[in-house]
Amino acid sequence: MENKKVYIETLGCQMNKSDAERMYGMLEHIGYTQTENPKEADMLIINTCSIRQLSEDKAYSQIGVWGKQKKSNPNLKIVFAGCVAQQGGKSILKRAPYVDLVLGTQRLYELPNLVKRIEQGEKIVSIDEKPYEESDIQINRVKGVNAWIPIMEGCNNFCTYCIVPYTRGRERSRKPELILAEVKKALSEGFKEITLLGQNVDSFGKDLPDGQNLAWLLRKINAIEGKFRVRFVTNYPTDITDEVIDTVIELDKVCEYFHIPMQSGDDYVLKKMNRRYDYATYKKICDHIRSRVKDVTITSDFIAGFPGETEEQFENTLKAMTELELDYSNTAAYSPREKTVAAKWVDLYIPEEVKTERLARLNEHNRACCLASNKKYLGREMEVLVENFEVRKNGDKVITGRTRNNKIVHIPCDRDLTGEFVNVKITNAKTWYLNGELA
Ligand code: SAH
Ligand code: SF4
Ligand code: F3S
């Protein structure tokens with residue numbers, strides 16, 4: 001088989017990163033090897049994200065650079081994949097005629113067949129919303145400690161600001177036997193932490209036989225032999241079941257960590273966002289989890305400057321963040337996305353400078369919450385899974401890892417203990433991380 005080189009540039013979330021690992025895996029089977037250098041590649045793939053305008057713009061500016069590269073190397077193949085591809089379809093070929101293949105998110109597993117065709121000179125747009133069946137585990141995962149494994153894809157929620165239901169299609173579960181095989185393979189390759197991935201992990205199993213749900217899957221995975229950890233992201237607040245909370249409490253491998261995006265702390269804004277809860281309901285869920293799961297970390301996502309958001313409504317978000325003692329939050333200024341409901345409320349758009357200023361205040365609150373959260377662990381002994389070893393410029397040798405509840409810890413250590421579990425005494429708490437000593 002001839003040896004060709006492929007380079008993939010991934011933007012966006014973990015789902016895209018996971019898709020990239022799958023693309024490398026599939027392409028390896030048809031004679032491609034991975035390269036880190038786009039200049040020496042025979043095929044360039046951009047794996048795009050359209051969550052905000054900025055991420056979409058990034059995709060087009062990158063592809064422009066590759067278009068120029070193709071002028072000096074006409075045999076170069078360019079693939080435009082991911083969420084912008086699913087949305088843009090044919091229009092991408094108009095905008096970037098040097099692209100050979102537009103690959104929608106639901107056609108991921110069709111890639112090897114399509115590559116063979118573009119190699120013959122065809123130009124193809126494959127964005128059918130009918131998912132292309134996954135056949136076997138073809139995955140080329142970068143060796144490491146943390147393996148991200150999708151368990152479901154798509155979203156049925158249609159929050160009014162969000163493009164994901166349009167780019168990832170309707171909710172569907174991966175076959176449990178494929179997930180379990182992939183978990184076992186990752187563990188046999190030395191991975192120590194499995195993160196189950198989905199836009200709404202609580203929806204896993206809704207399209208499977210009765211009894212097969214997230215809690216069931218966690219129990220199956222926990223029963224696999226060996227020392228390792230399991231996490232899951234993202235939860236939809238009102239979909240979290242007691243059964244899942246039970247697994248976190250009962251199962252030794254399932255970690256004390258929930259990512260539960262709240263988006264806004266204001267009831268009116270939440271309604272306009274089409275989120276199916278109000279502040280009191282979210283608080284109840286949060287309090288319930290905290291009362292049951294010791295040392296649990298709860299993180300969230302928030303949007304500043306949603307169309308029509310008043311100063312008072314925004315302040316309710318700040319209040320919520322502090323009152324709920326959220327351990328960390330991702331934050332973003334609202335970005336209008338084509339096709340979504342809220343994007344049509346042009347008259348209600350919040351001016352850029354107001355959005356920027358609100359985002360800054362949101363971030364300030366977030367920093368205070370993070371620091372307060374980290375300080376809770378001062379003096380405590382915690383289990384850390386080491387992910388990295390570095391020798392710093394000043395000669396200090398440091399290992400870095402995470403606790404079960406997802407706190408980053410830096411520890412002075414002479415040896416590279418990557419992939420090992422160590423007990424650490426927490427000696428210092430900063431905003432974004434903890435310092436500790438080997439206990
Ligand atoms: N499924 C998850 C989130 C997926 S998108 C959930 O239900 O919350 C990740 C985050 O991007 C969202 O939580 C939201 O905070 C942010 N986001 C989505 N659309 C956005 C937009 N148009 N502008 C700004 N942020 C957005
Ligand atoms: Fe987007 Fe809402 Fe679906 Fe999350 S639940 S992916 S925010 S539409
Ligand atoms: Fe992820 Fe961006 Fe798509 S956040 S699902 S890559 S729009």
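Reader: How many nonpolar, polar and charged residues does the shell around ligand 1 have?
Author: This is a predicted model, in which local features need pLDDT of at least 70 and side-chain atom pairs pLDDT 80 or more, while totals for chains, interfaces and linings use all residues. Residues are numbered from 1 along each chain, chains are lettered from A and ligands numbered from 1 as written, and side-chain values use heavy atoms without hydrogens or water. Around ligand 1 stand 16 residues (a heavy atom within 4 Å), with Tyr161, Gln199, Gln263, Asp301 and Ser335 the closest. By class (Asp, Glu, Lys and Arg are charged; Gly is among the polar), they are eight nonpolar, four polar and four charged.

Reader: Which residue places a backbone N or O atom 2.8 Å from a nitrogen atom of ligand 1?
Author: Polar contacts are N or O pairs within 3.5 Å, and a polar side-chain atom of Arg52 lies 3.4 Å from a nitrogen atom of ligand 1. A polar backbone atom of Tyr161 is 3.0 Å from a ligand nitrogen, and the distance of 2.8 Å belongs to a backbone atom of Ser335.

Reader: How much of the accessible area of ligand 1 does the protein cover?
Author: On its own, ligand 1 has 540 Å² of accessible area (Shrake-Rupley method, 1.4 Å probe). Of this area, the protein covers 87%.

Reader: Which residue in S19 is the bridge partner of Ala429?
Author: Strands S18 (421–429) and S19 (434–438), DSSP runs of at least two E residues, are antiparallel and joined by five bridges, where pairing needs at least two. Both belong to a closed barrel of five strands, S15-S16-S17-S19-S18, with mixed pairing. In S19, Ala429 is partnered by Leu434.

How values were computed:
Helices (H or I, at least four residues) and strands (E, at least two) are DSSP runs, numbered from the N terminus. A polar contact is a pair of N or O atoms within 3.5 Å; within protein, one must be able to donate a hydrogen and the other to accept it, and residues adjacent in sequence count only if both atoms are side-chain atoms.
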